[in-house]
Amino acid sequence: MRRLFLVTAAASLAAIGVASSQDATMSFFVTSVGSGKGADLGGLAGADLGGLAGADAHCASLAEAAGVTGKTWRAYLSTSDTDARDRIGKGPWFNTKGVKIADDVASLHSDANAITKQTALNEKGEVVNGRGDKPNRHDVLTGSKPDGTKIADQTCGDWTLSGAEGAAMTGHHDRTGLDDSAAAKSWNSSHASRGGCSQEALRSTGGDGLFYCFAVN
């Protein structure tokens, strides 16, 4: 009995150590799920919020469900008056496995970042489906230009639309597309959604309403 108690206690301490390690390192992930309402992010996390606020709350909710607490999370999304690059803190940022994604905002928006299909994991540490997988989910919502600044009329009404109107700029988390162009390989500015901002429209080009989350502290 004493031996069983010691084994159980050791296992518990090991689990606590793993959780603490994850808390200390994870500061970047791709959401495992979106709103289910296309690019309308206002109702995420069980609250009736504006698009950005809902997205931020969703980041925090997913991180906490994965065991990461005590951090302030921001969605990497631009709006008509906000640049995504100004929302995410100073870095550095690490994925769920402790792999460094970028040192700072400048390196994140350069060829120095380490975003690939293998590193742009969700909050559970899982690889997100990319081009060639079924279903393809590599279109990640950003509303941004390659430098992380806003792009006019491509934020789905500042993340409040879910119908046939509007469009959202997306990036490819797996850095692959139909060709070898810079846009096809861009993690944050590949192409706009076609057919509107609905879940169906986002899925039609290889997305699912997912977005990037960064810890600002």
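This tour moves through the structure stop by stop, naming what to select and what is found there.

**Before starting**

The structure is a predicted model, in which local features need pLDDT of at least 70 and side-chain atom pairs count only at pLDDT 80 or more, while totals for chains, interfaces and linings use all residues. Residues are numbered from 1 along each chain as its sequence is written, and side-chain values use heavy atoms, with hydrogens and water left out.

**Stop 1: the whole chain**

Of the 217 residues, 48% are buried. Here buried means under 20% relative accessible area, exposed means over 50%, and partly exposed lies in between, with a 1.4 Å probe and protein chains only. A contact means heavy atoms within 4.5 Å. Among contacts between residues at least 6 apart in sequence, 67% join residues at least 24 apart.

**Stop 2**

Select strand 8 (207-215). Of its 9 residues, 9 are buried. Two strands are said to pair if DSSP finds at least two bridges between them. Which way do strand 1 and strand 8 pair? They pair in the antiparallel sense, over 3 bridges, and Phe-28 stands opposite Phe-214 of strand 8. Strand 2 also runs antiparallel to strand 8, joined to it by 3 bridges; here Trp-73 stands opposite Ala-215. Strand 5, by contrast, runs parallel to strand 8, again with 3 bridges, and Val-140 has Leu-210 of strand 8 as its bridge partner.

**Stop 3: Ser-32**

From Leu-210, turn to Ser-32: their C-alpha atoms are separated by 7.1 Å, although the two residues are 178 residues apart along the chain. Ser-32 is placed in the loop between strand 1 and helix 2. Its relative accessible area is 10%, so Ser-32 is buried. Leaving aside residues up to four places away in sequence, Ser-32 touches Leu-62, Asn-122, Glu-123, Lys-124, Arg-137 and Leu-210. The side chains of Ser-32 and Glu-123 are joined by a polar contact of 2.5 Å. Such a contact is a pair of N or O atoms within 3.5 Å; within protein, one must be able to donate a hydrogen and the other to accept it, and residues adjacent in sequence count only if both atoms are side-chain atoms.

**Stop 4: the largest nonpolar core**

Select Trp-73, Leu-77, Leu-108, Trp-159 and Phe-211, which touch the most other members among the 41 residues of the largest nonpolar core. The elements giving two or more residues to this core include helix 2 (51-65), helix 3, helix 4 and strand 8. A nonpolar core is a set of buried Ala, Val, Leu, Ile, Met, Phe, Trp, Tyr and Cys residues joined through side-chain atoms within 4.5 Å. Centre the view on Leu-108: among the residues that it touches, not counting those up to four places away in sequence, are Ile-88, Trp-93, Ile-101, Trp-187 and Phe-214.

**Stop 5: the disulfides**

Show the cysteines. There are 2 disulfides, each being a pair of cysteine sulfur atoms within 2.5 Å. Cys-59 and Cys-213 form one, with sulfur atoms 2.0 Å apart. Cys-59 lies in helix 2 and Cys-213 in strand 8, so the pair ties together parts that are 154 residues apart in sequence. Cys-156 and Cys-197 form another, also with sulfur atoms 2.0 Å apart. The torsion about the S-S bond of Cys-156 and Cys-197 is about -95°, so this disulfide is left-handed. Both Cys-156 and Cys-197 are buried.

**Stop 6**

Most residues other than glycine have a negative phi, and most peptide bonds are trans. In helix 4 (residues 156-159), select Asp-158, whose phi is positive, about 55°. Is Asp-158 buried or partly exposed? At 23% relative accessibility, Asp-158 counts as partly exposed. Trp-159 has a positive phi near 65° but counts as buried, at 0% relative accessibility.

Finish with two cis peptide bonds. One runs from Gly-91 to Pro-92, with omega near 0°, and Pro-92 sits in the loop between strand 2 (73-75) and strand 3 (93-94). Another joins Lys-134 and Pro-135, with omega about -5°; Pro-135 is in the loop between helix 3 (105-108) and strand 5 (139-141).

Technical notes:
Helix = DSSP H or I, 4+ residues; strand = E, 2+ residues; numbered from the N terminus.
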